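Hi,

Here is the structure I promised to send over. Have a look first, and then read on for what turned up in it.

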Amino acid sequence: MDTDGRDAGTAHAPTAITPRRPGPPPPGPAPRPFGLPPDDFDRDPLASLNRLRREYGDVFAFAAGKVLVARPAWAHWTLARTNRDTRVDAPPLPPRFQRRPLIRGRVERWMAARRTAQWHRLGRDIAERTAPLIRGRLGDFLDAAGDRPVRLPDCERAALLAADRVFVHDMDDGLRARLFPAARLMLDEGAAAVTLPPWMSLRTRRRLRANDLWIDALTARVAGRRAERREGDPALDMLDLLADARDDDGPVFDDVEIAQTLSINLGNLYAVGGSGLGWLLAAHAAHDPARPAGTDRAVWASAVVKETLRLYPAVSLTSRNLVEDAGFGDVTVPAGTSVFVSPLMLHTDSRWWRDDPARFDPARWLGDDVHDPHAYIPYGSGPRVCTGVHIANAVLENAADLLADRTAAGRPGPPLREWSAITRPRRLRVTVTPNA
Ligand code: HEM
């Protein structure tokens, strides 16, 4: 799905790539000890991968079992074929290491939860219904940012506070007090579900304990709500939608599955949505985007958000595991390989963009045909596209519109990236003051 909510997977047939005849394996640098990526990868993965792309072409191996594809059509195929030719999730842990079974480890349950929560429609309805609340909370956040510079944790908190009611409409301070200590770990549910050996550090155990307390509190809230709900009550949030889902055997999801689904989304809202908000502030401080005369406010806010997500995508690198051998061009990539796709690489490759992609220029979004249709994937695409597209856009577009009447100032120079599963703005420190 693209950022407008259309499913790119159906709009353009993926370039299917089952090889008829085996081709050569992907080229790449000589393997390093333990199959690690090149030395320069840890410092700046994008620079390292771009260097390899120039040397080896648009499909290459950069570490043992890891291949990157750099063409939009190949990236699209890799994401669009998820749950068929490619897989997101690592196989679940053996039960003796698992404290609770995870909904995302059981793909068909997670896909059912995604369908039930009707991400597309719900996203639009909720975005409309919660827009005043989101805007009000973001306004308070930006007003406070004149007295004390904003840092990344402030953005994470602000993103969560702005939109957590989309998921649990009666979210209160008691439940939030459980959520905040767990929020970072919620992204890493795999770790949160593992049984740790007794020698593991106290700190790690405490973090896992925080996650247990949060999931237990949320599960209790789900159970309470379910007990209170009467047939025909309107669904006010994602919790209701999941709780109301029924098939011939009764409720589709149990309380823990609902709590896990909500928790995954709240974790993403906090960590990924928070980084998105941080990038928006960093971009405003660094580039000071000025609305061209005659451009509608909302159109401009949307262009600023699109451009921020292009040059500073919070997910810079993602991957899928190949179920069967796949051919990209004349190269055959064997089953079991992790195929990597880099939104940031596609977003900054001048072959796929009409105007210089190195420049931060929201005005590029005011014209037509700015890019190859598969070269812009800040939210991913295919069956596992981001579930938070509409909510993230509602938060970011409101923030961009509020920032249009304010001045953001930060550290000199271009924004710095901190590379991990999420690409965060590093050393973010931005003050925001109202324009005269
Ligand atoms: C700037 C904001 C955001 C960006 C750039 C972003 C980006 C992405 C991307 C690229 C993926 C797909 C990763 C892949 O295919 O491997 C993803 C997945 C996901 N996102 Fe977001 N996201 C953002 C905000 C949010 C928000 C606010 C939420 C929740 C409200 C959210 C919930 C999720 C979930 C649950 C998934 C996993 C979907 C699945 O595995 O089926 N994201 N996001």
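How many residues surround the ligand, and which are the closest? Bear in mind while you look that this is a predicted model. There are 24 residues around the ligand, and the closest are Asn268, Gly276, Gly380, Cys386 and Gly388. The elements that put two or more residues into this shell are H11 and H14. The biggest share comes from H11, which gives seven residues. Sorted by class, the shell holds 14 nonpolar, eight polar and two charged residues.

Helix H11 covers residues 255-287 and helix H14 covers residues 389-403; their axes come within 10 Å and cross at roughly 25 degrees. An angle under 35 degrees counts as roughly parallel, so H11 is roughly parallel to H14. Their crossing is right-handed. On the H11 side the contact uses Leu269, Gly273, Gly276, Leu277, Leu280 and His284. Facing them from H14 are Ile391, Ala392, Val395, Leu396, Ala399, Ala400 and Leu403. In this contact of H11 with H14, ten residues are nonpolar, three are polar and none is charged.

H9 brings Ile215, Leu218, Thr219, Val222, Ala223 and Arg226 to the contact, while H11 brings Asp255, Val256, Ile258, Ala259, Gln260, Leu262 and Ser263. By class, the contact of H9 with H11 has eight nonpolar, three polar and two charged residues.

Is Leu179 buried or exposed? Leu179 counts as buried, because it has 23 C-beta neighbours inside 10 Å and the cut-off is 20 or more. Apart from neighbours within four places in sequence, Leu179 is in contact with Trp214 and Leu266. Leu179 is also 8.3 Å from Ala210, C-alpha to C-alpha, although the two are 31 residues apart in sequence.

Cheers

Methods:
Residues are numbered from 1 along each chain as its sequence is written. This is a predicted model: local features need pLDDT of at least 70, side-chain atom pairs count only at pLDDT 80 or more; totals for chains, interfaces and linings use all residues. Axes are lines fitted to C-alpha atoms, for helices over the stretch in contact, and angles run from 0 to 180 degrees between N-to-C directions. Helices (H or I, at least four residues) and strands (E, at least two) are DSSP runs, numbered from the N terminus. Angles under 35 degrees count as roughly parallel, over 145 as roughly antiparallel, 65 to 115 as roughly perpendicular and the rest as oblique. A crossing is left-handed if the near helix is turned anticlockwise from the far one by less than a right angle, and right-handed if clockwise. Two residues are in contact if their C-beta atoms, placed from the backbone, lie within 7 Å. Ala, Val, Leu, Ile, Met, Phe, Trp, Tyr, Cys and Pro count as nonpolar, Asp, Glu, Lys and Arg as charged, and the others, Gly among them, as polar. A residue is near a molecule or strand if its C-beta atom, placed from the backbone, lies within 6 Å of it. A residue is buried if 20 or more other C-beta atoms lie within 10 Å of its own, exposed if 12 or fewer, and partly exposed in between; C-beta atoms are placed from the backbone.
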